Amino acid sequence: MARTRTAAPARRSGPTPAPKPGPGRARLVAVKDQVHERLRFEIISFGLRPGERISESQLATRFGVGIASVRAVLPKLVQEGLIQNKRRLGHVIAPITVQEVRDICQLREMIEPQAAELAAARIDIARLEEIDARSKVHVPEGDRAAEMASVLANKEFHVAIAAASGNERLAAWVAQLQDYSIRFQYLLRHSLHHDWEHSHEPIIDAMRRRDPAAAREQMRAHLLTGREHLMKAILGLPTLRDVNIG
Ligand SMILES: [Zn+2]
């Protein structure tokens with residue numbers, strides 16, 4: 001991997017900066033962010049399995065932090081669609097269903113080709129190439145952190161294209177769909193060691209030529225191939241039976 005990368009986007013401070021927060025508060029925020037990142041990593045990389053029940057105390061022990069830090073981050077992960085808050089059961093890792101995979105793939109196929117078409121005339125090619133290079137780094141077998149970095153670079157690639165469309169809501173939608181589908185992307189990355197490398201090249205090529213129709217078509221083709229591989233990964237591979245997919 002070219003460099004170490006944390007998954008969290010840069011956090012913005014509020015509109016009115018608090019007058020010099022004490023070191024205690026700063027440390028609490030830092031712990032919260034760390035717990036969020038670690039828990040998110042465990043869920044996305046299937047260290048915690050879909051459908052698994054989790055408790056605040058169990059997670060606090062697992063991460064070596066206080067219960068308050070765990071309690072503070074759970075709502076965020078619920079919002080990201082990675083955890084569900086079931087009234088009687090408590091918190092569970094959100095299950096993955098075939099229906100959900102289909103729905104998200106379908107939505108992406110509706111909006112991302114359009115985003116690519118709009119982006120073709122204006123996107124910063126050098127930046128797109130730099131992001132893509134990070135998604136293509138060699139990932140040693142079983143290296144979950146490297147797989148995750150590659151998956152996050154893939155997310156960045158798709159969000160960068162949507163952002164270059166000039167439509168901020170479109171970009172926000174694409175980012176949200178990426179968050180919802182990040183575990184599928186991880187599965188794909190995990191099961192596609194060989195095919196992954198060149199998958200973005202035709203899209204970047206269309207962008208280089210500033211060809212909106214080709215960009216649209218190549219994005220569509222990329223997403224359809226992704227969906228095909230994903231369905232195969234989910235329905236076919238025996239190693240994924242452990243993953244508890246509904
Ligand atoms: Zn992609």
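The protein contains 10 helices and 3 strands; helices (H or I, at least four residues) and strands (E, at least two) are DSSP runs, numbered from the N terminus. The model is predicted: local features need pLDDT of at least 70, side-chain atom pairs count only at pLDDT 80 or more, and totals for chains, interfaces and linings use all residues. Residues are numbered from 1 along each chain as its sequence is written.

From the N terminus on, the order of elements is α-β-α-α-β-β-α-α-α-α-α-α-α. Of the 246 residues in the protein, 31% are buried. A residue counts as buried if 20 or more other C-beta atoms lie within 10 Å of its own, as exposed if 12 or fewer do, and as partly exposed in between, with C-beta atoms placed from the backbone. Among contacts between residues at least 6 apart in sequence, 74% join residues at least 24 apart; two residues are in contact if their C-beta atoms, placed from the backbone, lie within 7 Å.

### The sheet

The 3 strands form an open sheet in the order S1-S3-S2, with antiparallel pairing. S1 and S2 are the edge strands, each pairing on one side only. Helix H3 (residues 67-79) packs on this sheet and touches S2 and S3, and its direction makes about 105 degrees with that of S2. Two strands are said to pair if DSSP finds at least two bridges between them.

Strand S2 (residues 83-86) pairs with S3 in the antiparallel sense over 4 bridges, and a hairpin joins S2 to S3 through 3 residues. Within this pairing, Gln 84 stands opposite Val 92 in S3. S1 is joined to strand S3 (residues 90-93) by 2 bridges, and these strands run antiparallel.

Ile 54 lies in strand S1 (residues 53-54), and His 91 is its bridge partner in S3. Ile 54 is buried because 20 other C-beta atoms lie within 10 Å. Leaving aside neighbours within four places in sequence, the contacts of Ile 54 are Leu 48, Leu 59, His 91, Val 92 and Ile 93. The C-alpha atoms of Ile 54 and Leu 89 are separated by 9.3 Å, and these residues are 35 apart along the chain.

Axes are lines fitted to C-alpha atoms, for helices over the stretch in contact, and angles run from 0 to 180 degrees between N-to-C directions.

| Helix pair | Axes come within | Crossing angle |
|---|---|---|
| H4 (residues 98-119) and H6 (residues 144-164) | 7 Å | roughly 60 degrees |
| H6 and H8 (residues 182-191) | 9 Å | roughly 120 degrees |

The axes of H4 and H6 cross at roughly 60 degrees, which makes H4 oblique to H6. Angles under 35 degrees count as roughly parallel, over 145 as roughly antiparallel, 65 to 115 as roughly perpendicular and the rest as oblique. The crossing of H4 and H6 is left-handed. A crossing is left-handed if the near helix is turned anticlockwise from the far one by less than a right angle, and right-handed if clockwise. Glu 112, Ala 115, Ala 116 and Ala 119 of H4 meet His 158, Ile 161, Ala 162 and Ala 164 of H6. By class, this contact of H4 with H6 has 6 nonpolar, 1 polar and 1 charged residues. Here Ala, Val, Leu, Ile, Met, Phe, Trp, Tyr, Cys and Pro count as nonpolar, Asp, Glu, Lys and Arg as charged, and the others, Gly among them, as polar.

H6 and H8 are likewise oblique to each other, but H6 passes H8 in a right-handed crossing. The contact involves Glu 147, Met 148, Ser 150, Val 151, Asn 154 and Lys 155 of H6, together with Ile 182, Gln 185, Tyr 186, Arg 189 and His 190 of H8. By class, the contact of H6 with H8 has 4 nonpolar, 4 polar and 3 charged residues. H8 is mostly covered, with 9 of its 10 residues buried; among them are Phe 184, Leu 187 and Leu 188.

### Loop residues with positive phi

Phe 46 has a positive phi of about 65 degrees although it is not a glycine. Phe 46 lies in the loop between helix H1 (23-44) and S1, and is buried, with 20 other C-beta atoms within 10 Å.

Arg 210 is likewise not a glycine, yet has a positive phi of about 55 degrees. Arg 210 is placed in the loop between helix H9 (201-208) and helix H10 (212-236). With 13 other C-beta atoms within 10 Å, Arg 210 is partly exposed.
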